[in-house]
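Here is a short briefing for a first look at this chain.

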Amino acid sequence: ASEPALSPVGNPATTGDQYFNTTSNNMLVFNGTIWQVTSSAVTGVRNETTYTNSAGVSTFAIIYDLGFVDVYVNGVKLIQDVNYTAGTGTDITLTAPLTLATDTLQAVAYSTVEFGDFGTAAFVDTGTAADQVPTNADVRNPRNRVVNPSMAISQENGDGPTVVGSVATYGSDQFAATNRTSTGTLTTARTTLGGRKANRLTVTAPVTDLSGVKDVLGFAQPIEAQNCFDLNGKEVTLAFLLNCNFSDVVSVAISNSDFTRTYVVEFDVVAGENQLSTALTLEAGTVLANDNSAGLWVQIANNNEGTRQTSTLDAWQSGFFVAGSNDNQWTKTINNYVEITNVDLYAGNVPREFQPNSYAYDRAECQRYFVDLLGGDTSDLSPIGMITYWTTISARCIVALPTHMRGTPSLLISPVTGFTVLSAGNVRTSSAAVISTATPSAVEFALATSAAVLGESGWVRTNGTSTKLAAVARL
C-alpha cells in the first residue's frame, strides 16, 4: 500500500514530515514528492572525503552541517576549535597546514535531519529568539564555554597550595586568583577527589586578616572571544558547584574583555555544597571581537569594599566590579575557604546536568594557553628534544608543542645552564641556552656548546630537577 498523503496530524504532507511505519518498522520522511526511509532522504548522512599529497595545505573542501564533521590526520582525530575550525559548512581549516606529502586527511560529515510540524513545539529554545527553532549555526551552542570546568588539569602549579599575589595566579590551569589587599595571604590548591566526585579548586584565607579594601578575585577565567562571540545578545546560563565553610552571601561577576561593562550577581550560600546558577542576557556587543583575544571574564566568589563593589545587581552597568554591597567579605575570616568545580557557561536558560569533557580534551584546551614542556620535578638525564643541526658555535633543538597554541608563546627557561648536549657518546656541556624562535606549534632554541661537530646527531637533556621549560600564551 502507498504511504499516506497526509501528515500524522491530518494536514497535507509537507517536506520534512516524518512518521513511523509500523508495518515496515521504518522511520519515513516526506521529501516533497514521496515518502522515503529517513537515512535515504538526506544526501550524505555520512559523507567521507579523503585527501592525500596535500603538504602545505590547510583548507579542505567538504560539505557538512555545522557541528557535524569529524576530521582525522593520519588516523588521529583532531579537536574542533583547537586543531581546526569548521564554521562555513563548505570547508574546514587546519590550525597548522599538513607538513608531509604522505599525510592523509580524512573528513567525515554527518547531515542533520529536518523534522516537520507534528502539532506541538518540537524544539527547546537554546538561545535563539523566542519561539524560533535553532538553526544549524546554533547546533553547538549547548557546549560549555569554560576551559577546564571540572578542574581536571593542574599542570602549571601542581595541586598546590600556591600563594596568590597581586597579579593573576593560576592555581588550576585557566582559573586564576588575585589578591590586591594591603595585608593578608590568599592561597589556592586543587583537591583531587575520589570516586565520581569532580576535582575542586580551593581558595583559602589561612594566615592573617585580609583587611585591605582593594579587590580580591577568588576564581577568574578569561574565555577566548572566538569561543563566545556567537553568544552576543543571547541569554546564557552560568552554573557551578560551590563548597564553603560559612553561610552568607558571595558574589559572582561577568565582565567584557576591557572591563567597561559588568554584570554582578549575589548568592546566598550555606556551609557545605551549593549548586548555583544564574541566567542573564549578554549585550549585543559584550564580546568585542571574534578572534583569539579575551572575550569574557567569569569571576566567582570575589570580595571588595572599595571601588570594585556595586549596589547594582542583576543588570549590566558601566565599569568593572567584582562584588555586590551585600557580600560577606569571606576572605576577612582566617581559614575561610571556597571551592568550585563543574563550572558551566552555555547558551539558553534550560537547566542541565553538568557533563565533564574527556581528560584529553581538557588537557588540549589548557595547552592552548600553557604547556609545561619540562617541569621542575623532572629527573636528571631526561631528553627533551633532538638536535636538528649544528653550527660552529651551537647546537639547535626544536621541541614540538603538543597542541597548537592560541598565539606565539613566550618561553620560560630556568636556569639557562640547565641543559646538556649529548652527541656521539660525548657530553658537550652548554654554557647558556638562548631562545631563538617560537611559533604556536613549536619552540626552537640554541645551546652554546664546548665543541661542535658538523653533521653529528644528538639529544638535548636536562641537568637536574631545577630545570624548567614552559610555553605561555595567556589571554
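The largest nonpolar core of this predicted model has 43 residues. Those with the most contacts inside this core are Phe219, Phe240, Leu242, Ile300, Val338, Ile340 and Val343. A nonpolar core is a set of buried Ala, Val, Leu, Ile, Met, Phe, Trp, Tyr and Cys residues joined through side-chain atoms within 4.5 Å. Buried means under 20% relative accessible area, exposed over 50%, and partly exposed in between, with a 1.4 Å probe and protein chains only.

**Cores**
- Another core, of 18 residues, lies apart from the largest one. Among its members are Val371, Ala395, Phe419 and Leu447.
- Isoleucine 300 touches Gly218, Phe219, Phe240, Leu242, Ser251, Val252, Ile340 and Val343, leaving aside residues up to four places away in sequence. A contact here means heavy atoms within 4.5 Å.

**The chain as a whole**
- The chain holds two helices and 34 strands. Both kinds are DSSP runs numbered from the N terminus: helices are H or I with at least four residues, strands are E with at least two.
- Of the 475 residues in the chain, 48% are buried.
- Among contacts with a separation of 6 or more, 72% join residues 24 or more positions apart.
- The accessible surface is about 21,200 Å², and 53% of that belongs to carbon and sulfur atoms. Areas come from the Shrake-Rupley method with a 1.4 Å probe; for residues, only the protein chains shown count as cover.

**Strand 19 and its partners**
- Strand 19 spans residues 261-269, and seven of its nine residues are buried, so this strand is largely enclosed by the rest of the structure.
- Strand 18 (residues 248-256) pairs with strand 19 in the antiparallel sense over eight bridges. Two strands pair if DSSP finds at least two bridges between them.
- Serine 251 of this pairing stands opposite glutamate 266 in strand 19.
- Strands 18 and 19 form a hairpin, with four residues between them. In the turn, phenylalanine 259 has a positive phi of about 60°.
- Strand 23 (residues 316-318) also pairs with strand 19, antiparallel, over three bridges. Here arginine 261 stands opposite serine 318.

**Strand 14 and its partners**
- Strand 14 (residues 186-191) is largely enclosed by the rest of the structure, because five of its six residues are buried.
- Strand 11 (residues 162-164) runs antiparallel to strand 14, joined by three bridges. Threonine 162 faces threonine 188 in strand 14.
- Strand 15 (residues 200-205) runs antiparallel to strand 14 too, joined by five bridges. Threonine 191 stands opposite arginine 200 in strand 15.

- Three strands make an open sheet in the order 5-9-8, with antiparallel pairing.
- Strand 5 (59-61) and strand 8 (84-85) are the edge strands, each pairing on one side only.
- Strand 8 and strand 9 (residues 91-94) share two bridges. Threonine 85 has threonine 93 as its bridge partner in strand 9.

**Helix 2**
- Helix 2 covers residues 359-366; Asp362, Ala364, Glu365 and Cys366 are buried there.
- Strand 26 (370-374) is included in what covers these buried residues.

**Reading notes**
- Residues are numbered from 1 along each chain as its sequence is written, and side-chain values use heavy atoms, with hydrogens and water left out. In this predicted model, local features need pLDDT of at least 70, side-chain atom pairs count only at pLDDT 80 or more, and totals for chains, interfaces and linings use all residues.
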